[in-house]
Amino acid sequence: MLTELAWYAELQKLMPAWQKTLTAPPAPHNDSRTITLPSLGLRSRRRGNNGKEEVAGGATIKLPRFDRSPVLDMLSVIWTVRRSGTNIDTLLHGARRERSMFQPGPIFDVLLNPGVLDPERLAQSRTQLRIAVVALESGELRYVTEAGGLVDRENRPIPTDAPLSVVDAVLASCAIPGLLPPVRLGEEHYIDGGTRESAPVQVAMTHLGVDRCYAVIAMPRGLARESSYADKDMLSIVLRSAAGIMADEILLNDVARARAAGAIVIAPEVNLIDVLGVDPGLLSISMDYGYVRAAEACQGATRDQERLTRDVVEMRRQIWTTENSIFRPNSGTDGVRPDGQPDLAALKRQLRDLVAQMPADRLPSGAGHWWRAWEGHPYQITEPPSWTEDDARSRP
């Protein structure tokens, strides 16, 4: 999906060393970072409270203590840099000149190929399209239309010298700041529309005459609790605030507005993959989960039914994790369940029993066979699913 730029690839080589240095606990000291020397018989004279001169004994001399731990840490980093083969020139040049860590990868080339996305055919169709983007120069939320026009959030046209590229608009709408570079559209540079609006339903319901709107949310609301920030650095605080709390608040407000406007909101409650996740197994589970959540949103589901769906998804993720720990190449287990891992056959049967409790009309095709097969992995599992044979033998 994404391809690392050269400078970021070089930076990745250094991350283990930097993380070790930055997270290392300070060297313990039983006293202050000074050396105290005896007075060696020297006496100093001072004025007492009564104004008379007095001779003070036991004076000390304090010299700064040389702490060698930072020096050793830095030498360790330099040694690691030399051994890692890091191209420092590429790293420094890229850090100064590049505008992102990645560039769009081969998946973008496939999806935006004219055989898949034909801008001319789109422009001639009756489909109304609004691609949300945010301009860096003006900071405004705007939309690119199916014909390459540009409109503001009230659907008012914004003059352009020529129609904009819909393909470039798609790239701009994916340009998460820092991950992918901004894209120039007309006179400004644009980034992901989610920086201002995560669920852009207002333009559809207010200006495009939509009478039934489905808002599909990719990530669940809410943030996982993290450990204390008492000793965390500035970058951690900024990332937690901007990329975490602020983004979650935008999503929370957008979803509330969408529901208030009458939109049918389809959203997950379980987060299976991160922003850059492309694992085939987790993506497959996510697609099945999205199907069920869409059915629940459209038909109406009780909290107990939604809880059952969540249990099924979390069970499939646990099964995927267990399979990965056993069969992943170079895992060192050679297909044998490591000590402490759950029994895979027992998990599969629990999944079967959970799925059997779900309404059949809300399940995607093949759901009844989830428990019989391996979950998806980027490698092939050649062993047969033995628990299905055991189950068949146990029946009368």
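Hi everyone. A word on the ground rules: residues are numbered from 1 along each chain as its sequence is written, and side-chain values use heavy atoms, with hydrogens and water left out. Since the model is predicted, local features need pLDDT of at least 70 and side-chain atom pairs count only at pLDDT 80 or more, while totals for chains, interfaces and linings use all residues.

Let's begin with the sheet. Helices (H or I, at least four residues) and strands (E, at least two) are DSSP runs, numbered from the N terminus. Two strands pair if DSSP finds at least two bridges between them. Here, 5 strands make an open sheet, ordered E9-E8-E7-E11-E10, with antiparallel pairing. At the edges sit E9 (150–152) and E10 (183–185), each pairing on one side only. On average, neighbouring strands of this sheet are turned by 50 degrees against each other, direction ignored. For such angles, axes are lines fitted to C-alpha atoms, for helices over the stretch in contact, and angles run from 0 to 180 degrees between N-to-C directions.

Now look at E7. How many of its 6 residues are buried? The answer is 5, so E7 is mostly covered. Buried means under 20% relative accessible area, exposed over 50%, and partly exposed in between, with a 1.4 Å probe and protein chains only. E7 is joined to E8 by 5 bridges, and Arg-130 stands opposite Thr-145 in E8. Between these two strands, which form a hairpin, there are 5 residues, and Gly-139 in the turn has a positive phi of about 75 degrees. E7 is also joined to E11, by 3 bridges, and Val-133 has Asp-192 in E11 as its bridge partner.

Helix H6 (residues 166–173) lies across E7, E8, E10 and E11, running at about 60 degrees to E7.

Next, the cores. A nonpolar core is a set of buried Ala, Val, Leu, Ile, Met, Phe, Trp, Tyr and Cys residues joined through side-chain atoms within 4.5 Å. In soluble globular proteins, nonpolar side chains tend to be buried together. The largest core in this model has 22 residues, and Val-312, Phe-327, Leu-351, Leu-363 and Trp-370 have the most contacts inside it. Helices H10 (303–327) and H11 (344–356) each supply at least two of its residues. Apart from it lies another core, of 13 residues, including Leu-122 and Ile-131.

Which aromatic rings come together as one cluster? They are Phe-327, Trp-374 and Trp-387. Rings of Phe, Tyr and Trp (its six-membered ring) pair if their centres lie within 6.5 Å; planes under 30 degrees apart count as stacked, over 60 as edge-to-face and the rest as tilted. The whole structure has 2 aromatic pairs. Phe-327 and Trp-374 are edge-to-face, 5.1 Å centre to centre with 70 degrees between the planes. This pair links distant parts of the chain, 47 residues apart, and both Phe-327 and Trp-374 are buried. Trp-374 and Trp-387 have ring centres 5.0 Å apart and planes at 85 degrees, so they are edge-to-face too. Trp-387 counts as buried because its relative accessibility is 2%.

Last, the cysteines. A disulfide is a pair of cysteine sulfur atoms within 2.5 Å, and a search of the whole structure finds 0. Cys-174 counts as partly exposed because its relative accessibility is 28%, and Cys-298, at 46%, counts as partly exposed as well.

Definitions and conventions: Contact = heavy atoms within 4.5 Å.
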